[in-house]
Amino acid sequence: MTDTTDNPQTGEANAAPVSRFNRFDNPWFNPKLLWGAGILLVIILGGIIGRMVWDTDLVFTGSTPLKLPPLGFENLRRQEGVAEFPLGTDGAGRDMLAMLIIGTPNTLMIGAIASIIGMSLGIFLGFSAGFVGGRVDDTIRVLSDVMITIPPLLILVVFQSAFGDVSLVMMAFLIAGFMWQSPTRLIRAQVLSMKRSGYVQMAQLSGASTFHIMFKEMLPNLIPYLFGSFIANVTTAIVTAVGLEVLGLGPQRIPTLGRVIYDAINSGALIQNLWWWWGLPTMLLATMFIALLLINLGLDEVSNPRLRKI
Amino acid sequence: MLGIPRSYLINRAVTFVLTVFIAATLIWLIPRFSPVDPAEIMLSRMAAGGGAVADSEAILAQLRADFGLNDPLIVQYLKYMGNLLTFNLGISTASFPTPVSVLIAQALPWTLGLMILSVVITFLIGNALGAFMVWERTPRIWKVVIPTFMIFTSIPPILSGLLLMYIFSITLRWLPLTGSYGLTVEPGWDWTFVASVIEHGTLPALSIIVVTFGFWTLGMRGLMISVQGEDYVNLAKAKGLKPRYVLYKYMVRNAILPQITAFALKIGLLVSGQILVERIFGYNGMGKLLYDAILDQDFAVIQGVSYIIILMTAFSVFLVDLIYPLIDPRIRLSEEAAA
């Protein structure tokens, strides 16, 4: 019989008391969290540094030869990749590297903006529901229950096909309209359980204002959950944005990773074996999602120590 | 009904009706603010087909009257809502006199088939792996292999779909690239057709399965960890029950329940993911219908597809809510105690 039923924390303390004094024994120094954040940082830095060192005018149609392969590969017409366009070019004469440099931050930005707005709304609504209770709680609860079932993609498809071209920020705002439900539910549940805890009741008895209790006493305890929910929302927002772009909606003239994939699929890049055209943005997006997942798993372990032992 | 408390039933039913109502209203309301006029799109399509259109003003007016665009907004809204109740979703402008409901009825079985298949497989694999990750008797190698696979869970199925297409259709040429059955195959209930459908459906299903099972695995892992320390599990082990029996009857049976509610939260994302998979694979489902409608600016179809998918989503959430108290007696009892 293994001793898996033992409490992992006491087990660790007994086995290695030294680790208590290890300065890396901090839940925030979680390998998954660090790896995820590291990968994401590299992607963001790539976007920033790339703009400085690479000629971003190459994202315009016809600025390069067509369908050149990446450096060291050969395309079906026996053309070899050139150092001038190291990641190859697409079927409309655009440099892949320049498109990734411009497109990646755009895609991330949509996710971040949508998630920040959704998060702020969620914090506000969740606290209101949990704290005020009564009719306010009922309304917010039912509304978030209802809105969480509606797939954002479909409403946004209706919206964007009716309105045509949208800007990046507009797209982020539209997606944000579907990003507040899960933080609202999460925070409401946490606030309801915290409301009965000693320190909140103490604050209430000592005459602290509701605002003070909500934001000074309770909010700091919610930070790991909020971070986790934020990252999950960034992922969902990017997935939704890429989905819209692959359906041919979203910003039409601004390069985003989803837009590049859409162009590639529509031009038959798969059949023509132009793998760099659809493959590079796909791999970059996949890496981005893996990084976000790692951050989220790490944050889970920070806020729930029971998960750490596996 | 079957011992489910009435208050719970009413609560869930109201949420279901409200979801469909709000979604339908949004779908109706959004295009009203748009500067695009469906009648003009129709006309430009006619013009594209026949060069010039005589009496275009008269035709525009007639089309507007046919679409009911001259009525007051509230009348249009009530008519629309009434039509939705009878599944009258209007007429497609791209494939003109075909009703949208006919187009959807053709696409829906494909989508539902692919969806049910991939959801069932994912749910089974995902939860089994999640349980094995925590079970103390799982071979150590699995505890390394499973988390490695988990890396893929956050990737949307459209990306895995593209990669699988490249590997299995372009490079290895094992499976067909697009479509839902072979071009030369006559639809019917014979073996060649069924084989062709299975051959064409494998990649779309696979691209959904490889990236979604991890959601269940992760959830199940968390739930199993909390069940693992419970006294009744220790008691069962102390009684000397077979480890497998303890795993299935004591641990999994209790841990899996919240997973079923998690399904209700996840289904929206699953549906959206599948629509995109159908679009890249050119699979004859709702996704392809929607994509073609977007290309053709066929609003009636876009609205109809969106409405039907949201209706399906809300209905499956409602079903899950109804089934839940039957499999988890605690809900039933606590609601009864509260009532």
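Which residue just after H4(B) takes a positive phi of about 60°? In this predicted model, Phe87(B) does.

**View 1. The end of helix H4 in chain B.** Helix H4 of chain B runs over residues 73-85. With 13 residues at 1.5 Å a residue, helix H4 of chain B should span 18 Å. Its end C-alpha atoms are 19 Å apart, so the span agrees with expectation.

**View 2. Chain B as a whole.** Chain B contains 14 helices and zero strands. Its pattern along the sequence is α-α-α-α-α-α-α-α-α-α-α-α-α-α. Along the principal axes, the C-alpha atoms of chain B fill a box of roughly 90 × 60 × 35 Å. Chain B has 339 residues, and 35% of them count as buried. Take the contacts in chain B with a separation of 6 or more: 70% of them join residues 24 or more positions apart.

**View 3. Ile323 in helix H13 of chain B.** Ile323(B) sits in helix H13 of chain B, which covers residues 299-327. Is Ile323(B) buried or exposed? Ile323(B) is exposed, because it has 12 other C-beta atoms within 10 Å and the exposed class takes residues with 12 or fewer. Ile260(B) lies 63 residues away along the chain from Ile323(B). The C-alpha atoms of the two are separated by 9.3 Å.

**View 4. The side of chain A that touches chain B.** In this pairing, 43 residues of chain A are in contact with 52 residues of chain B. On the chain A side, helix H4 (134-149), helix H5 (152-163), helix H9 (210-246) and helix H11 (275-303) each supply at least two residues. By class, that side of chain A has 30 nonpolar, eleven polar and two charged residues.

**View 5. Helices H3 and H7 of chain A.** Helix H3 of chain A covers residues 96-132, and helix H7 of chain A covers residues 181-195. Their axes come within 7 Å and cross at roughly 35°. The crossing of H3(A) with H7(A) is right-handed. On H3(A), the contact residues include Gly118(A), Gly122(A), Gly126(A) and Gly130(A). Also among them are Met119(A), Ile123(A) and Phe127(A). On H7(A), the contact residues include Pro183(A), Leu186(A), Ile187(A), Arg188(A), Val191(A) and Lys195(A). The residues of this contact divide into eleven nonpolar, five polar and two charged.

**View 6. The length and end of H3 in chain A.** H3(A) has 37 residues. From first C-alpha to last, H3(A) reaches 53 Å, close to the 54 Å expected at 1.5 Å a residue. Which residue just after H3(A) takes a positive phi? Gly133(A) does, at about 70°.

**View 7. Gln201 in helix H8 of chain A.** Gln201(A) belongs to helix H8 of chain A, residues 198-205. Gln201(A) counts as exposed because it has 12 C-beta neighbours inside 10 Å. Ile213(A) is twelve residues from Gln201(A) in sequence. In space, C-alpha to C-alpha, Gln201(A) and Ile213(A) are 9.4 Å apart.

**View 8. Confidence along chain A.** Chain A has a mean pLDDT of 82, and 90% of its residues reach 70 or more. Among the elements of chain A, helix H6 (residues 168-176) has the highest mean pLDDT, 91. Helix H1 (residues 8-15) of chain A has the lowest, 42. Over residues 1-21 of chain A, pLDDT stays under 50. For those residues the model has eleven contacts beyond four places in sequence.

Notes
Residues numbered from 1 in each chain as written. Chains lettered and ligands numbered in written order. Predicted model: local features only at pLDDT ≥ 70, side-chain atom pairs only at ≥ 80, totals over all residues. Helix = DSSP H or I, 4+ residues; strand = E, 2+ residues; numbered from the N terminus. Buried ≥ 20, exposed ≤ 12 C-beta atoms within 10 Å, placed from the backbone. Contact = placed C-beta atoms within 7 Å. Nonpolar A, V, L, I, M, F, W, Y, C, P; charged D, E, K, R; others polar. Expected span 1.5 Å × (residues − 1). pLDDT = per-residue confidence, 0-100. Axes fitted to C-alpha atoms, helices over the stretch in contact; angles between N-to-C directions. Left-handed = near helix turned anticlockwise from the far one by under 90°.
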